[in-house]
Amino acid sequence: MDLLVGQLFTGLSTGSILLLAALGLSLTFGQMGVVNMAHGEFIMAGCYTAYVVQQVVGDAGASLLIALPAGFLVGGAMGLVLEALLIRRLYHRPLDTLLVTFGVGLILQQAARDVFGAPAVNVSVPEALRGGVDLLGVTVPRTRLFIMALAVLSVAAVALVLRFTPAGRRIRAVVGNRDLAETAGISSRAVDAGTFFIGSGLAGVAGVALTLIGSTSPTTGQSYLVDAFLVVVAGGLGRIKGAVVAAVALGALQAVFETYSTASLAKVGVFVVIVVFLQLRPQGLFTLRTRSLA
Amino acid sequence: MSAVLTCKNIEVSFDGFKAVDGVDLELARGEVHFLIGPNGAGKTTLVDAVTGLAPYAGSVVKDGEELRGKKVHHIARKGIGRTFQTAAVFEHLTVAQNLDIAAGAGRSALSLLRRRRRLPAVVVDTMDRIGLRDAADTPAGTLAHGQKQWLEIGMLLVGDADVLLLDEPIAGMGHDERDTTGRLLHDIAADRAVAVVEHDMDFMRAFADRVTVLHAGAVLASGSVDEVAADPRVQEVYLGTAKEAADAARA
Amino acid sequence: MPHRFPLPARLARALAASAALTGLLATAACGARAGEETVAAESCLDTSGDTVKVGALNSLSGTMAISETTVRDAIRLAVDELNAAGGVQGKQIEIVAEDGASEPTVFAEKAEKLIREDCVAAVFGGWTSASRKAMLPVFEDNDSLLYYPVQYEGLEASENIFYTGATTNQQIIPALDYLAETGAESLYLVGSDYVFPRTANAIINAYAEAHGIEVLGEDYVTLGSTEFSTIVNQVKSAGADAVFNTLNGDSNVAFFREYANVGLTAADMPVMSVSIAEEEVGGIGVENIEGQLAAWNYYQTLDSPANSAFVEAFKAAYGADRVTSDPMEAAYTSVHLWAATVEKAGSFAVADVQAAADGVSFDGPEGTVVIDGDNHHVTKTARIGEISADGLLYTVWESPAPIEPDPFLEGYDWAADLSVTE
Amino acid sequence: MSTRLPGSERTPMTRFLDTRLGTWTGFAAAALVLFGLAPLVLSGFRLGLLAQFLCYAIVAVGIGLAWGRGGMLTLGQGVFFGMGAYLMAMHLKMADARFEGGPGAVPDFMELAGIRELPAYWAPFASPVFTVAAILVLPTAFAVLLGLAVFKRRVKGAYFAILSQALAGAFAILLIGQQSLGGFNGLSRFRYFFGFTLADPANQRMLYFIAAAVLLAVVAVSLQLRRSRYGELLVAVRDAEERVRFLGYDAANVKVVAYAAAALFAAVAGAVFVPIVGIISPASIGIVPSIMFLLGVAIGGRASLVGPVVGALVVAWAQTALSEQFPSAWTYAQGLLFILVIALLPGGLASAAALTKRFRTKPTPVEAAA
């Protein structure tokens, strides 16, 4: 029983971390087909935002509350700049965007190294989030509960924005059919910029949250990126629902593999499962219907 | 004239929405057969289904062979060719290369690995036929819009397709080009079945041998141009078109 | 279109041509076959001038740059000291610096460059075992010298390498002795998935079996992994007396945070780490790791005149906020050991240095170290340190005397049949 | 208006090289430089370095084919490079063990890791013939299987890129966990290469010649593929994959051939790389090294034949030359090169000559569809 609950919790927890990292990607990848390899560095920027805020504010609790929106703004602003300077020019070359943003990621990583130093820096966990809570016989760290709550909150916020705000409706229209949306008078450029802002902002939020459990160093973002991409691929293009299911499934899968074999083999196992899965559903879990071929 | 291609009770649905709902269609050799209907009527989806792009229920039979469930390239090899709304030619290859590829679906692996020594006669003839002989070594991407459409039709001709499904072949063409295209269609329909998805009513009236009107995924009317034009339901649908198009754009 | 031969003929002709060409060149250029004597490349070391070059080969970019840049600083400090004191054999020492870029292949390439193009007398550097393994054949084939300053998994001895960091019997085994002395009867092993942790854990398993200690679990994570939920839960439910931690780098941060967050403390389940030094404590956050143990041979807080001088000189050179750590000290010591050996040999030549090495000693920050001429390792004092609230480590136990190096653990019966698990 | 593909611009030079005389002239000139000039002017060390770079160039030729001509952005070439390298390294370790310890001896690193029994899958690598066959067959077969699995299901574009990247990551992790393949440290310390002593400078020179010959051979194969009808078909698939399907071709097969060829080239490069550099470890084949293979290709011109070769050589040289003086600046430079070349000069250096009037970012249709 303990083991099962522990497993379940670990799966959910790993899944929520993956989800936080992948949510923004899913938006930008889904809408524009843009593979943003610098997304990991936006997460890292969020981590360092948390660090800087904490240096200024001092109190760990207050600084976390400030850092979350600050991280969103920092990530979002970086996304806007990236979109305006580079991605906008490359919309018709999504594969090239992948390499260009990889270059951006390299530069951001090195910049972090030069500004903050190569060693990891410490972001203190607020007193209220230290220690664990006993749930059904297993100790659940509060930081992980916090991250799960944040993931749920982020997904809910994104879903609400997409569903109920005019901006969200425009985004969905562009995802559904870019050309048609344009003929209906929606400026897809403005929508793209907006999406990129939100998607990158979510990376920043993820970064702030991840300081609670992981290290803050120039390479932090990189370690989440590949897994996040796999979530998006498995989840299907542009589908938040798909990303959620895929993240939790991958998290659980990883946890199970890890318990019954080694953590290294778990990574390989997850990859194999995804390739097999794509045999069954080449376009991911949930796909949008697209009418035109070309 | 006998039907080359027979579609029976075709149904295509996406996420519960029936884009094509029980369509019967026969294409016969020697006819230029127009498929018309308002946006969202299911014309392109029907073509997608026949060519293996969209899964469907029902039956498509060509020369006595059921095509449902076959892969796209197998269906193509059965002699069914199609074009797309935006001309799909290989922009970075020359006209001659485009046609050579289209002519060569049956080539052996070894011959593929060789360099092309001379153009097959059918490619040269077809270039004459579609008026692109002088543009043989021009990259297809630099052709004028209409020329691309012709090239695409030419690619089906060299490939020995005897059922041609053309999706808006005159979109963006000038008046003279339309006439040329129309004559070309009749010319190639002599020994083939040609279906044309089109919005342009003048063009349809000038060149259609037979017309099928689709609306909301079903066949509304079918027959000669005059028969169809006289059908009150067709008139009603076409008066409503402007409103529907606006709705679709807002969705 | 010009006439062409059919493909098979042309292909055959091209293949024949390239095969013939290769064959021709192979026979024309072929050198010694296996078993024949080969002449090792002649050293181009030139000692006729006022200066002698040495190489410093550390990663200044890539993932290992964090650690290796600090080693570079220590090497530079030692060379500056030598030069200020009149040089070695009266000659000033000049550093040729190269970046290993955290890539074994780059280490091999740069080592070869230092030896063959720059004609250095010796090279100081390397950190990961992979980098050392990559450089080893280069130094052997070119008959040159490498001074390697980092604790490692042992099981190696080359004529062309001097190992100035601890081997396993100077770090792992004393750490186990300490845990056993303080009453640990069961252990849980957590490590990164590479050679050092796997070898260390093989030793720990053999030791445990011989000393009646139970190993309750053994887990590996990918290098750089930051997901420790499963492992920490397993550690917790296993309830071992202590954890032996061979994690490397950023994984430590995530591990200790998770560890603290599930409510585990140094008091109820201490963690003995072998890769956490002064440099790493800051990133983990002192509040997450206070009271935990580490096993090294040197801490910045060692109380000796030699260490005070070293720490002072280092801070003066690189900034008051810098800390000194074990690998840095070992690198610093290695430069002085080389100089002392050259002085004893009266020559920079590799063969002379090798011949003179046995018994050469240096009174370094960690105490007196002596080169063992047989295995080219050095004697070292083992020290267990506790991480304190100020982020530094303080010695809580040390071996009564410097421990002789025993890289193949020949002096330990229980280690006779070590086997690294998959 | 010109909308030619970057890298396929017609200049008098490329026109000449396209003739039969031009082709032979090109190869002769390259052979003269590689076999004549380079050994004459370069020191033994520099020649060894060049040999290493030539291996990267061999990988680059394959990437040029798969990515530049076939539109498959393969971020996982390190996998095939690593396969070839490890297969060769296993043979070298076996040969060393047999030579020094007699039959039945296990390679030195295994002995140290406590592996006393030779794992069964190692045994066949004692045979040089088996090894060479394995290098030529195994990675290619793996690429074919993987290619069929993904391309038949029409996984393409960014999906394929991400999958190939994840593959590289998974492969590196898998290797790190295999103690019987040297784990994280990889395999190193080779003494003999098919009976020749590696320490001998004359044999090191021989290795250089082998690398150069392999590069020329690979370029020749790639050239033949490009000029053939298959080459045109491959470009057609890149530009409009569905269109090709509607013409009756199985586009997946077309892609698999180019992907497998790229894999074969990478594997051969890896096999040659090992005796030259003396080590292969997971660090050389993971996600980042795999992407770095692309940098040279992009700079040189992905769609051109010689561009990737030149690009790979230039990047490798720049890395060696610059990274020692400015380690951090080199990382910035890498990042900037990726951005500038791909955003502003998608055809790479190969297109720079033809790029006289204005800079174009002409969309290529296949990617808009991806």
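Tutor: The model is predicted, so local features need pLDDT of at least 70 and side-chain atom pairs count only at pLDDT 80 or more, while totals for chains, interfaces and linings use all residues. Residues are numbered from 1 along each chain as its sequence is written, and chains are lettered from A and ligands numbered from 1 in the order in which they are written.

Student: Why is A:Tyr91 called buried?

Tutor: A residue is buried if 20 or more other C-beta atoms, placed from the backbone, lie within 10 Å of its own, exposed if 12 or fewer, and partly exposed in between. A:Tyr91 has 20 C-beta neighbours inside 10 Å and therefore counts as buried.

Student: Where in chain A is A:Tyr91 found?

Tutor: A:Tyr91 is in the loop between α3 (60-85) and α4 (94-116) of chain A; helices are DSSP runs of H or I with at least four residues, strands are runs of E with at least two, and both are numbered from the N terminus.

Student: What makes the radius of gyration of chain B agree with that of a compact globule?

Tutor: The radius is taken over C-alpha atoms, and the globule rule is 2.2 Å times the number of residues to the power 0.38. For 251 residues the rule gives a value near 18 Å, and chain B has 18 Å, so the two agree. The C-alpha trace of chain B spans about 55 × 40 × 40 Å along its principal axes, and 49% of its 251 residues are buried. Chain B has 10 helices and 10 strands.

Student: What makes a set of residues a nonpolar core?

Tutor: The set must consist of buried Ala, Val, Leu, Ile, Met, Phe, Trp, Tyr and Cys residues joined through C-beta atoms within 7 Å. The largest such core has 436 residues, and D:Ala211 is among those with the most contacts inside it. Helix α11 (residues 251-277) of chain D gives the most to this core, with 23 residues. Apart from it lies another core, of six residues, including A:Ile171 and A:Val191.

Student: Which residues are in contact with D:Ala211, leaving aside its neighbours within four places in sequence?

Tutor: Two residues are in contact if their C-beta atoms, placed from the backbone, lie within 7 Å. On that basis, D:Ala211 is in contact with D:Ala51, D:Leu54, D:Cys55, D:Val272 and D:Ile276.
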